[in-house]
Amino acid sequence: MRTLLLKNALRLVTMNAHRDELAGGWVLVRGREILALGGAADPLPQADEVQDMTGHVVMPGMVNTHHHMYQTLTRALPAAQDSALFGWLQALYPVWAGLTPEMVRVSTCTAMTELLWSGCTTTSDHLYLFPNGCRLDDQMEAAEQMGMRFHAARGSMSVGESKGGLPPDGVVEEEAAILRDTQRVIEAFHDPEPFAMQRVVVAPCSPFSVSPDLMREAARLARATGTMLHTHLAENESDIAYSRARFGMTPAEYAEDVEWVGPDVWHAHCVKLDQAGISRFGATRTGMAHCPCSNMRLGSGIAPVRRMVASGMRVGLGVDGSASNDGSHMLGEARQAMLLGRLLEAEDGRPMMQAREVLELATRGGAAVLGRDDIGHLAPGMAADIVAFDLRGIEYAGAQSDPVAALVFCATRRVAYSMVNGRWLIREGQFVTHDPARLAERHNALARQLLERA
């Protein structure tokens with residue numbers, strides 16, 4: 001098996017147990033695995049191929065813990081530009097009802113292109129409506145084509161407007177059918193082995209679109225099959241009000257009541273999680289996807305990330321859907337998490353959120369949220385998911401005193417190199433696997449079709 005040596009990194013950011021950052025760093029890769037790494041003082045090993053990383057910060061590929069990739073088809077839609085969560089959803093549900101299998105495939109490729117260019121190598125996605133013959137299989141095919149490590153959350157909605165839910169009846173499914181299809185895709189696609197490229201997540205959409213019975217049955221299915229659980233929770237004040245009115249509980253109390261706490265669970269947003277909920281989630285190692293751009297876009301609020309991490313919660317970053325962000329840039333999400341965190345910390349008089357804190361959330365934190373111990377940091381035996389940013393451009397001029405922090409403080413950029421599972425997907429800033437311009441052309445044509453149908 002051939003070996004590859006990445007050498008002369010301006011900084012090698014390992015995110016390992018000691019958070020080592022190595023000047024003049026190098027990484028030796030064989031196949032899909034990291035064999036060794038070191039700094040300028042360590043002797044360089046021999047390799048079949050050598051890539052010079054002079055001027056580059058080399059780091060673990062980032063991990064996106066929450067997304068809705070189909071929403072790239074409805075970015076900046078005028079009818080939904082200025083609404084909070086519930087109004088935003090009500091404006092978009094009828095549009096999304098026109099999704100086709102090709103739209104799911106192409107939008108997945110579009111979102112993954114953006115994510116890869118932004119330094120992300122592993123992503124989850126929460127697809128929760130399946131009109132017109134759409135299936136999770138469509139996403140799986142696209143992810144395999146793209147070469148990105150993928151956790152596909154088989155979402156669902158079962159409580160429509162006629163039953164007191166938020167979505168129109170036309171976009172919900174029967175609960176028995178949801179459970180059958182979730183079982184099917186787990187059997188067809190879920191790979192529990194180390195270095196797995198595809199895993200399936202059991203993911204009813206939200207408290208306001210599924211029943212408590214489905215939440216409980218989904219939890220039982222996931223635990224019987226060794227898969228993880230994901231949903232939305234406590235996203236804004238309307239979400240809180242719905243839970244209290246419908247269930248007589250806070251969102252955290254509801255999550256515990258339906259067996260949705262534990263190290264195999266992560267919730268998106270948790271902006272309005274109260275202190276009792278944070279404490280309970282921390283005690284049970286329940287996870288959370290922090291989505292600062294989306295939370296700002298929809299006016300939802302600021303999640304108290306530091307308190308959550310201190311409580312024991314597992315916290316990662318998520319770009320969320322591209323109709324509420326409206327992009328898929330993981331490094332940009334990390335920058336926003338730092339800046340937004342500083343606003344919250346300033347109110348309490350505490351030290352400001354740091355660049356390395358959010359980079360840790362984007363790497364090690366995201367890996368922990370997804371239940372992975374083979375990605376998220378660079379060390380021998382870890383998966384060869386590695387990205388490199390070129391800091392020799394004008395965007396980073398004057399920032400060489402701390403090139404690692406510069407990634408977050410300075411203007412966000414695309415990666416120069418991206419490797420997933422030991423395979424180059426991006427070299428010298430260009431994809432080696434596909435043409436993004438042709439992809440965008442087809443994506444825009446499908447977006448027009450979707451709006452015309454609506």
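## Cavities

Let's start inside: three cavities of 30 Å³ or more turn up in this model. A cavity here is a set of points on a 1 Å grid over the protein atoms alone, where a 1.4 Å probe fits but cannot get out, and lining residues are those with an atom within 4 Å of a point. Grid points are joined across faces, edges and corners, and a volume is the space filled by probe spheres set on the points. Keep in mind that this is a predicted model, so local features need pLDDT of at least 70 and side-chain atom pairs count only at pLDDT 80 or more, while totals for chains, interfaces and linings use all residues. Residues are numbered from 1 along each chain as its sequence is written, and side-chain values use heavy atoms, with hydrogens and water left out.

The largest cavity holds about 120 Å³ of space. It has 18 lining residues, and L85, W88, L89, H232 and E235 are the closest to its centre. Helix α1 (residues 85–96) gives the largest share of that lining, four residues. (Helices are DSSP runs of H or I with at least four residues, strands are runs of E with at least two, and both are numbered from the N terminus.) By class, the lining of the largest cavity splits into eight nonpolar, eight polar and two charged residues. In this scheme Ala, Val, Leu, Ile, Met, Phe, Trp, Tyr, Cys and Pro are nonpolar, Asp, Glu, Lys and Arg are charged, and the others, Gly among them, are polar.

What about the second largest cavity? About 50 Å³ of space lies in the second largest cavity. Its lining is made of H290, I302, A303, V305, A337, L340, G341, L344, E345 and M353. Five of these residues come from α11, which is the largest share. The class count for this lining is seven nonpolar, two polar and one charged.

## Pockets

Now for the open spaces. A pocket is an open set of grid points with protein on both sides within 12 Å along at least five of seven lines. The largest pocket has a volume of about 380 Å³. Of its 20 lining residues, V315, E360, L361, R364 and G365 lie nearest the centre. Two or more lining residues come from each of α10 (305–311), β15 (314–317) and α12 (355–369), and α12 supplies the largest share, seven residues. The lining of the largest pocket has nine nonpolar and nine charged residues, plus two polar ones.

The second largest pocket comes in at about 250 Å³. Its lining has 14 residues, with R75, T110, T113, E114 and W117 nearest the centre. The elements giving two or more residues to this lining are α2 (101–117) and α14 (436–453). The largest share, five residues, belongs to α14. By class, the lining of the second largest pocket has seven polar, four nonpolar and three charged residues.

## Helix packing

Two packed helices are described by the angle between their axes and the distance between the axes. Axes are lines fitted to C-alpha atoms, for helices over the stretch in contact, and angles run from 0 to 180 degrees between N-to-C directions. Helix α4 (residues 175–189) packs on helix α5 (residues 212–225) at about 20°, with the axes 11 Å apart. In contact terms (heavy atoms within 4.5 Å), E175, I178, L179, T182, Q183 and I186 of α4 meet D213, L214, E217, A218, L221 and T225 of α5. That contact has six nonpolar, three polar and three charged residues.

On α4 there is also a contact with helix α3 (residues 136–146), where the angle is about 25° and the axes are 11 Å apart. So α3 and α4 are roughly parallel to each other, and their crossing is right-handed. Here L136, D137 and M140 of α3 meet R184, V185 and F189 of α4. The contact of α3 with α4 has four nonpolar, no polar and two charged residues.

Two backbone spots to look at. The peptide bond from N325 to D326 is cis, with omega near 5°, and D326 sits in the loop between β15 and α11 (330–348). E259 has a phi near 70°, a positive value in a residue other than glycine. You'll find E259 in the loop between α7 (251–257) and β13 (265–269).

How values were computed. Angles under 35 degrees count as roughly parallel, over 145 as roughly antiparallel, 65 to 115 as roughly perpendicular and the rest as oblique. A crossing is left-handed if the near helix is turned anticlockwise from the far one by less than a right angle, and right-handed if clockwise.
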